Amino acid sequence: MIKSQALRREHFTASEAPAMMGDSPFTSRDQLIYQKVTGFTPVVTPQQQRRFDQGHAAEAAARPIIEEQEMKTLFPVTGICNVEGLPLLASFDGLDLDRKLIFEHKLWNQKVVAQIEGEGIEPAYYWQLEQQLLVSGQQEARAIFVCSDGTRENLRWVYYESHDYRRQELIEGWQQFQADLKQAKALHEQGKLPNPYAEAVVRHDDTFQKAEQSYHLALQTLNAARAQAEKAKQDLIDLTGGAKTKGSQFQLYPTYRKGNVKWQDAFKAMLPKVPMKDLEQFKGKPSTVWTVKPLN
């Protein structure tokens, strides 16, 4: 286990790729850097451990089903390679002998199932697949992305093949991460590296509690007003019978809107070879955004 942890700390792993790219719902990029620099490992709760155990059991049960379907034997292995000075690692849920088919399994989840069945694989998952395909070392390799509970009834899958522009983004992303990691190590040596896992300051004083209560009441009033306004608006629309209508205070009419162009997707598709570093000049200024999250 120690050897495995040390290996993962010294390499950039496929499971870390979504966090490195800023697309992980579980780990932020700053948290990943902190882990790499300090060796810090977040505590696994009993609930999380049960989920992990369920995932491993489902993966083991699903592997022979996919092997039968693909007529291949899939071995759980770890691969390491060096790409442009980057120490990359990928742990495969399954890899065939000629390294052309990768098996990646996720525990049954309706959101993932929806992606497999037509919504498209999200970055939180496809960055991991991209790195696995890169580490496989086979240009013709493809991944079979599976979501199941280990049974044939609840098993969905889709093939995923590498996209050149995504692979290039991944490499450039790790190169930037490598540079940021070097800076973070220097800060750590100076005792100046911020801890993204630091406990929050607890405030129970009267001044803070009054401010909390004031904001809470304001939100309640706002939410109630929005709900009332939406209902009143819909009542007005229902009374028009679908025709353009003019009253004494409001005029109602339908407007047809075409879908908006997804400029980022269009840019990547039309200019896939443009290095991400050339786009740095178009980045907005860094900013801090506060999230105020209800505890109840």
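Predicted model: local features only at pLDDT ≥ 70, side-chain atom pairs only at ≥ 80, totals over all residues.

Me: OK, back to Met-71. Where is it found?

Reply: Met-71 is in the loop between α4 (46-70) and β2. Helices (H or I, at least four residues) and strands (E, at least two) are DSSP runs, numbered from the N terminus.

Me: Which residue has a positive phi in the hairpin of β2 and β3?

Reply: That's Glu-84, with phi near 50 degrees, in a hairpin with 2 residues between the strands. Glu-84 counts as exposed because its relative accessibility is 54%.

Me: How about the hairpin of β3 and β4, which residue there?

Reply: Arg-99 takes a positive phi near 60 degrees, and that hairpin has 5 residues between the strands.

Me: β3 keeps coming up. How many of its residues are buried?

Reply: 8 of the 10 residues in β3 (residues 86-95) are buried, which leaves the strand mostly covered.

Me: How is β3 joined to β2, parallel or antiparallel?

Reply: Antiparallel: 8 bridges join β3 to β2 (residues 75-83). Val-83 has Leu-86 as its bridge partner in β3. Pairing here requires that DSSP finds at least two bridges between two strands.

Me: And β1, parallel or antiparallel to β3?

Reply: Parallel, with 2 bridges joining β1 (residues 12-13) to β3. Thr-13 has Leu-89 as its bridge partner there.

Me: Then β4. How many bridges does that pairing have?

Reply: β3 and β4 (residues 101-107) pair over 2 bridges, in the antiparallel sense. Gly-94 stands opposite Phe-103 in β4.

Me: Changing topic to helices. Is α3 mostly covered or mostly open, and which residues are buried?

Reply: Mostly covered: 7 of the 10 residues in α3 (residues 29-38) are buried. The buried ones are Gln-31, Leu-32, Ile-33, Tyr-34, Gln-35, Lys-36 and Val-37.

Me: What follows α3?

Reply: Gly-39 follows α3, and its phi is positive, near 80 degrees.

Me: Which residues does Leu-181 touch?

Reply: Leaving out residues up to four places away in sequence, Leu-181 touches Phe-12, Ile-33, Lys-36 and Val-37. Contact means heavy atoms within 4.5 Å. Leu-181 is in helix α7 (residues 164-189).

Me: Is Leu-181 buried or exposed?

Reply: Leu-181 counts as buried because its relative accessibility is 8%. The C-alpha atoms of Leu-181 and Leu-32 are separated by 9.6 Å, although the two residues are 149 residues apart along the chain.

Me: What about Tyr-165, where is its place?

Reply: Tyr-165 is in helix α7 too. Its relative accessibility is 22%, so Tyr-165 counts as partly exposed. The C-alpha atoms of Tyr-165 and Ser-248, 83 residues apart along the chain, are separated by 56 Å.

Me: Zooming out, how many helices and strands are in the protein?

Reply: There are 9 helices and 8 strands. Of the 296 residues, 30% count as buried.

Me: What's the radius of gyration?

Reply: The protein has 25 Å, whereas a compact globule of 296 residues would have a value near 19 Å. The radius is taken over C-alpha atoms, and the globule rule is 2.2 Å times the number of residues to the power 0.38. Along its principal axes the C-alpha trace spans about 75 × 50 × 45 Å.

Me: Last one: what share of the contacts comes from residues 24 or more positions apart?

Reply: They account for 69% of the contacts with a separation of 6 or more.

Terms used:
Residues numbered from 1 in each chain as written. Heavy atoms only, no water. Buried < 20%, exposed > 50% of the residue type's maximum accessible area, 1.4 Å probe, protein only.
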